[in-house]
Amino acid sequence: MVVGPSPHLASVEDLRLGSGADRVTVRIYRPDARPSDAAILFCHGGGFVWGSLDTHDGLCRRMAKATGKAVVSVDYRLSPEAPYPAAEDDVVLVARSVLGGSVDGIARGCSISFCGDSAGGYLVCHAVAGLTRLGIEPARLVLIYPALDPRCGTESHTRNADGPVLTSAAMKWFWSAHRPPSDTGWATGRHSHRHPSAFVLAAECDPLHDEAEAFAAQLRETGVDAEFVTAPGLVHGFLSLDIPSSLRDEWEGRIFAELR
């Protein structure tokens, strides 16, 4: 669970988007009562197998308060019961619903940014790629210690194999539970030059560090404005841990500034 304060907002509402069996639950965080022409779609982490709207509720509340934008948190289906592409399809459905004006108070065709932590980073990258292929250009991509490469073969998987918090072996199991095709990694060069500008934050003591760095570097090679930052001395999922409030405020402040 992502810990920290939970500020008061104008409204927090759970609703279902889509139709029939394809409906997906989302939680909408509105910082004020005014209609919004900008939104943030957020995907929680949890290795594709756990996590929920509740585990990241505090983070999403703080995100909405700090950015002044409506935040749409996606309760996507989890593996191994619903492996690839169930979660990916859920996130794309929500993004298209928001852009199509299906959420009261969020304008049709709004400016939409994408944010995800850990496995959620992979899911928002997938959604962004799908939208750009449809000619829709998201405003911003912000990734928090993202999981991007199912191969788990970077040097940081060796350097930080035993964690702490996330081990390389655990990450390999998460990927095996989700079962994406082998060529779907987002640190392998498979992205468009129309990718939105990006901010990628990694933890220094994390098996996933190097794939996040590689992703940002490859975006820059295609002409995308992509910034990569390492949180020194910190571990995977540090926003979910009981770290000093000053440290949490520092890194959340940086993330929220990028989403503003």
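Helices (H or I, at least four residues) and strands (E, at least two) are DSSP runs, numbered from the N terminus. The model is predicted, so local features need pLDDT of at least 70 and side-chain atom pairs count only at pLDDT 80 or more, while totals for chains, interfaces and linings use all residues. Residues are numbered from 1 along each chain as its sequence is written, and side-chain values use heavy atoms, with hydrogens and water left out.

Start with the sheet. Eight strands form an open sheet with mixed pairing, in the order β1-β2-β4-β3-β5-β6-β7-β8. Two strands count as paired if DSSP finds at least two bridges between them. β1 (11–17) and β8 (226–235) stand at the edges with a single partner strand each, so one side of each has no neighbour in the sheet. On average, neighbouring strands of this sheet are turned by 25° against each other, direction ignored. Such angles are taken between axes, which are lines fitted to C-alpha atoms (for helices over the stretch in contact); angles run from 0 to 180 degrees between N-to-C directions.

Now look at β3, residues 36–43, which pairs with β5, residues 106–117, in the parallel sense over seven bridges. In β5, Cys115 is the bridge partner of Phe42, and Gly116 is that of Cys43. β3 also runs parallel to β4, joined by five bridges, and there Phe42 stands opposite Ser73. Seven of the eight residues of β3 are buried, where buried means under 20% relative accessible area, exposed over 50%, and partly exposed in between (1.4 Å probe, protein chains only).

β5 is in turn joined to β6 by five bridges, and these two strands run parallel. Cys115 stands opposite Val142 in β6. Helix α3 (residues 119–133) makes a right-handed β-α-β unit with β5 and β6. β3, α1 and β4 make another right-handed β-α-β unit. A crossover is right-handed if, with the strands pointing away from the viewer, the path from the first strand over the helix to the second runs clockwise.

Helix α2 (residues 86–99) lies across β1, β2 (24–30), β3, β4 (70–74) and β5, and runs at about 150° to β5. Helix α7 (residues 245–259) has 15 residues and spans 21 Å from its first C-alpha to its last, close to the 21 Å expected at 1.5 Å a residue. The expected span is 1.5 Å times one less than the number of residues. The buried residues of α7 are Arg248, Trp251, Glu252, Ile255, Phe256, Glu258 and Leu259. Seen down the axis of α7, they fall within an arc of 155°, so they line one face of the helix. The arc is that of the directions from the helix axis to the C-beta atoms. These buried residues pack against β3, α1 (57–67), β5, β6 (140–144), β7 (198–205) and β8.

Finally, Asp75 lies in the loop between β4 and α2. Asp75 is partly exposed, with a relative accessible area of 32%. Leaving out residues up to four places away in sequence, Asp75 touches Val24, Thr25, Ser52 and Leu53, where contact means heavy atoms within 4.5 Å. Asp75 and His44 are 31 residues apart in sequence and 8.2 Å apart in space, C-alpha to C-alpha.
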